[in-house]
Amino acid sequence: GSLIRIRVDPADSVLYRQRVTSPGSGSTYSSWTSWVVTAHAVACCATGALVLVFYISAADGKLYRFESTDSGATWGALVDMGDITGAAGSRVAACYMSTTQAVVIYNTGATVYQRELSAGSWAAAGAWTNSIASVTGLAVVYSSLSPDAWRIAITGTDVTTTKPGVC
């Protein structure tokens, strides 16, 4: 299968993608294609030939996504998922559960939000109800163990002690 890599250039915040159709020891991993957008943060998830790429725009603070249905050979039009007031400290994570269910997690300041894809529609953002002083990282995975749910890891600092930790 194909290998899809996404990166933000730290020098100018430009978002790049790479597709290696048959990754192996002879692959060069040197050719990158610019999406001609700037990003604070980026996340990618895939299931089968479906690939989602999310990014928080450095230009307008919105959450955007690109979709591919052919393992990254081609990409659909950029989709604006709305203003989230994203900034340089924003983070984003994403995960597929199935071909019709996925989630994207992101933060605005110390508030973490979740948006789920179910049966082809993206739900409105829901805020995490716990408090954290700052967010330094986000990760998400789907677990089929009981109870069936998304498992989210948040790194940051505690509101009371300001000590770093994982929630």
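Student: Leaving aside its neighbours within four places in sequence, which residues is Cys95 in contact with?
Tutor: Cys95 is in contact with Cys45, Ala102, Val103, Val140, Val141, Tyr142 and Trp150, where contact means heavy atoms within 4.5 Å. This is a predicted model, in which local features need pLDDT of at least 70, side-chain atom pairs count only at pLDDT 80 or more, and totals for chains, interfaces and linings use all residues. Residues are numbered from 1 along each chain as its sequence is written, and side-chain values use heavy atoms, with hydrogens and water left out.

Student: How far apart are Cys95 and Trp150 in space, C-alpha to C-alpha?
Tutor: They are 8.7 Å apart, although 55 residues separate them in sequence.

Student: Is Cys95 buried or exposed?
Tutor: Cys95 counts as buried because its relative accessibility is 11%. Buried means under 20% relative accessible area, exposed over 50%, and partly exposed in between (1.4 Å probe, protein chains only).

Student: And which strand is Cys95 in?
Tutor: Cys95 lies in strand β7, residues 92-98. Strands (E, at least two residues) and helices (H or I, at least four) are DSSP runs, numbered from the N terminus.

Student: Now to β5: how many of its residues are buried?
Tutor: Five of the seven residues in β5 (residues 62-68) are buried.

Student: How many bridges join β4 to β5?
Tutor: Six bridges join these antiparallel strands; two strands pair if DSSP finds at least two bridges between them. Ile56 has Leu63 in β5 as its bridge partner. The two strands form a hairpin with four residues between them, and Gly61 in the turn has a positive phi of about 75°.

Student: What stands opposite Arg65?
Tutor: Val79 in β6 does. Strands β5 and β6 (residues 79-83) pair in the antiparallel sense over three bridges.
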